[in-house]
2 protein chains.
Amino acid sequence: MSSYPSPIQTLINEFSKLPGIGPRAAARFVFYLLKKPQAELDALGAAVLNLKKEISVCPKCFNITDNNSPLKKDKERVSLCPICQDPERNQKIICVVEEAFNIPAFEKTGQFNGLYHVLGGVIKPHKGIGPEQLKIKELIERIKNDGITEIIIATNPTTEGETTALYLVRLLKPFKIKTTRLARGLPTGGDLEYTDELTLGSALAGRREYQ
Amino acid sequence: MSSYPSPIQTLINEFSKLPGIGPRAAARFVFYLLKKPQAELDALGAAVLNLKKEISVCPKCFNITDNNSPLKKDKERVSLCPICQDPERNQKIICVVEEAFNIPAFEKTGQFNGLYHVLGGVIKPHKGIGPEQLKIKELIERIKNDGITEIIIATNPTTEGETTALYLVRLLKPFKIKTTRLARGLPTGGDLEYTDELTLGSALAGRREYQ
């Protein structure tokens with residue numbers, strides 16, 4: 001059915017696998033690249049090929065970390081991520097996130113100075129992902145060994161994120177440590193008219209008195 | 001400012017160059033790829049690297065053509081594209097398009113059986129692209145040598161596409177061959193309410209009597 005030459009169709013197919021990209025957008029990418037010098041294609045191709053080769057996973061918090069980071073030079077701490085290695089950070093507070101790519105969002109706020117723990121996903125029973133597929137055992141170990149005083153559960157405000165959060169809350173109860181969740185409410189710059197009823201309900205329930 | 005490890009940031013930067021892709025979408029692509037096996041990254045990376053290496057340009061119509069196409073085995077016609085090589089096609093009609101990637105759209109209609117001519121762009125004086133940067137000289141040669149009876153000018157219905165079309169019409173006048181353009185009007189599935197006045201004007205001007 002396709003009328004494109006095979007190298008073009010192959011790349012369209014590969015781009016179409018990316019999230020939110022259909023065959024039309026994929027074709028637009030390919031025709032954009034066709035007009036670019038080979039050096040630009042080489043840069044993109046190499047970046048894709050090397051993506052996973054030059055990073056590793058922090059054995060403590062499961063954040064993604066750059067193999068060539070200058071911090072990695074220190075043999076003693078060779079495999080920990082820069083956040084876990086930073087002595088300035090509060091080692092007693094752990095913010096639990098679904099994925100490593102959630103961490104930069106928290107870092108950009110400049111309002112969190114503790115450590116992280118990456119679960120590596122959420123509980124999805126219908127896809128065969130239970131608690132044992134996530135880094136929950138490892139979280140419990142950190143709580144037991146590192147004198148943690150607070151766990152912030154920062155899973156996404158989705159059904160699956162909530163389920164995972166509730167599971168964790170129950171699991172952490174025996175440890176009697178402070179367990180918190182992020183506030184719900186109106187997003188900054190949001191519009192009341194377009195806010196769904198669950199968000200508005202949370203904003204009402206969590207309302208605060210003017211000081 | 002970035003909190004991402006360098007291999008991740010590098011690929012985000014590369015993806016951000018693609019048309020319509022901002023840093024957020026680029027990051028989504030990267031984190032999608034991080035969860036995929038290396039084989040999938042290898043496939044995408046290789047497809048990007050090889051894109052331009054395995055294709056060439058038809059010296060007659062400037063369509064893009066696959067170097068490994070079985071038709072290419074024929075030494076006599078080694079570099080012509082499959083469309084130019086097809087003896088079943090009407091060799092006397094040329095559809096002039098801006099880019100090679102416009103051709104599959106016409107092929108899919110199944111309603112055009114002539115040949116194509118790829119201009120390689122449109123006239124953009126403000127970007128230094130004049131008629132001499134396009135494959136116009138080559139089009140004139142084909143008209144002179146191949147006994148062409150009709151030229152369909154199928155540039156895009158944009159200001160630049162129109163300018164290029166008008167330029168061609170004037171240039172082709174001395175040859176006294178039939179020169180046509182695609183019909184303007186309502187797109188199939190379109191909505192009158194959301195149709196701009198130029199399109200609606202064209203649809204009115206080009207109205208046809210029920211037979």
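Mentor: The contact takes in 44 residues of chain A and 45 residues of chain B, and keep in mind as we go that this is a predicted model. On the chain A side, at least two residues each come from helix H1 (6-16), helix H2 (23-34), helix H3 (38-50), strand S2 (64-66) and helix H5 (103-109). H3(A) gives the largest share of that side, with 10 residues. Sort the chain A side by residue type and you get 26 nonpolar, nine polar and nine charged.

Now, how do the two copies sit relative to each other? In general, two copies of a chain are related by a rotation about an axis and a shift along it.

Two packed helices are described by the angle between their axes and the distance between the axes. For helix H1 (residues 6-16) and helix H2 (residues 23-34) of chain B, the axes come within 8 Å and cross at roughly 125°. That angle makes H1(B) oblique to H2(B), and their crossing is right-handed. From H1(B), the residues involved are B:Ile8, B:Leu11, B:Ile12, B:Phe15 and B:Ser16, and they meet B:Pro23, B:Ala26, B:Ala27, B:Phe29 and B:Val30 in H2(B). By type, this helix contact has nine nonpolar residues, one polar and no charged.

Finally, look at the sheet in chain B. Four strands form an open sheet in the order S4-S3-S5-S6, with parallel pairing. Strand S4 (115-118) and strand S6 (178-181) of chain B each have a single partner strand, so they stand at the edges with one side lacking a neighbour in the sheet. On average, neighbouring strands are turned by 25° against each other, direction ignored. Strand S3 (residues 93-97) and strand S5 (residues 150-153) of chain B pair over four bridges, and B:Ile93 stands opposite B:Glu150 in S5(B). Helix H7 (residues 159-172) of chain B lies across S3, S5 and S6 of chain B, running at about 165° to S5(B).

Note on methods: Residues numbered from 1 in each chain as written. Chains lettered and ligands numbered in written order. Predicted model: local features only at pLDDT ≥ 70, side-chain atom pairs only at ≥ 80, totals over all residues. Contact = placed C-beta atoms within 7 Å. Nonpolar A, V, L, I, M, F, W, Y, C, P; charged D, E, K, R; others polar. Pairing = 2+ DSSP bridges. Axes fitted to C-alpha atoms, helices over the stretch in contact; angles between N-to-C directions. Parallel < 35°, antiparallel > 145°, perpendicular 65-115°, else oblique. Left-handed = near helix turned anticlockwise from the far one by under 90°.
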